Amino acid sequence: MRVVILTCYPEMFPGSLGYSVIGNALENKRFSLEVINLHNFGIDKRGSVDDEPFGGGPGMVIRPDVIEKALNSITFKTDNYCKIFLTPSGQRLSQTKLNNLSKHEEMLILCGRFEGVDQRAIEILDFQEISIGDYVLSGGEIAAQVLLEGCIRLIPGVLGHPESLLEESFSNKLLEYPHYTKPRVWEDKKGIKHEVPDVLVSGHHERIRSWRKDKAMKKTKSMRPDLLKEDL
Ligand code: SAM
């Protein structure tokens, strides 16, 4: 996958995308990352990209002509691309959306700042609006890294254990079952001993599978009952 980022803060990349599984994928060229500074397309010598909102109100808005110029500097190499604008007022990101996005060969992500981006740029230049959750960050750069972390790990060959995708949270509209590791008996600082559930050390695969399914269902009902109803 080829990823192109439009941002006012190019130095924020690769950021978290340079580490661990995703960092390895970047190094091994499972995806490429091009980061374009919107200020290079600014309207004056200072590289200004924003202006005051029509109608009044606080903050500044990124200009449509700046976005267009930046976009015109990019040539998509395939027809299988998507253009995303990250915004709290977009459609909320989900595992299903990540699955669909990860199938693109090219992905352009526009990171907003200030009050956001002129609506004409979003509509006329055909960006899909995606939110990473119901809260407001001060810029789209971290949101882009969240979206990409979720997407890139779904690209075949990126994860060392691809089977972990099959049972993780949201894969069957359920949260994942709880995990345990060594020590088998853990003594906390009050001297109380906590044992790993017996079934997990029984070696009985069918019982383990059924215990995990039951735990996943109970956890989902208690933490996220909405998942059992929602069409994600
Ligand atoms: N005025 C906007 C609003 O009320 O919806 C908030 C703008 S926010 C301060 C600046 C930029 O941060 C946005 O343009 C967007 O790119 C990014 N951002 C903030 N929260 C986000 C979220 N939940 N999901 C995706 N992007 C977000």
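Helix α5 has 13 residues and stretches 18 Å from its first C-alpha to its last, close to the 18 Å expected at 1.5 Å a residue; the expected span is 1.5 Å times one less than the number of residues in the helix. Helices (H or I, at least four residues) and strands (E, at least two) are DSSP runs here, numbered from the N terminus. The model is a predicted one, where local features need pLDDT of at least 70 and side-chain atom pairs count only at pLDDT 80 or more, while totals for chains, interfaces and linings use all residues. Residues are numbered from 1 along each chain as its sequence is written, and side-chain values use heavy atoms, with hydrogens and water left out.

So how much of α5 is tucked away? Buried means under 20% relative accessible area, exposed means over 50%, and partly exposed is in between (1.4 Å probe, protein chains only). Among the buried residues of α5 are G140, A144, L147, L148 and I152. The buried residues of this helix pack against β1 (2-7), α1, β5, α3 (95-101), β6 (106-111) and β7, where contact means heavy atoms within 4.5 Å.

After α1 comes K29, with a positive phi near 60 degrees.

Next come the nonpolar cores, each a set of buried Ala, Val, Leu, Ile, Met, Phe, Trp, Tyr and Cys residues joined through side-chain atoms within 4.5 Å. The largest has 28 residues, and those with the most contacts inside it are L86, L101, M107, L147 and I152. Two or more residues come from each of β1, α1, β5, α3, β6 and α5, with α5 giving the most, 6 residues. Leaving aside neighbours within four places in sequence, I152 touches M1, I22, A25, F31 and V158. A second, separate core of 21 residues includes I62, I67, L110 and I122.

The whole structure holds 11 salt bridges, each a side-chain nitrogen of Lys or Arg within 4 Å of a carboxyl oxygen of Asp or Glu. In one of them, R92 pairs with D134, the closest N and O atoms being 3.0 Å apart. R92 sits in strand β5 (residues 81-92) and D134 in the loop between β7 (128-131) and α5, so the pair ties together parts that are 42 residues apart in sequence. R92 counts as partly exposed, at 45% relative accessibility, and D134 as exposed, at 62%. R120 also bridges to D118, with the closest N and O atoms 2.7 Å apart; D118 is buried, with a relative accessible area of 15%.

In helix α7 (residues 205-223), D214 and K218 are 4 residues apart, or about one helical turn. Their salt bridge has its closest N and O atoms 2.9 Å apart. Salt bridges that share partners also join R2, E34 and E106 into one network.
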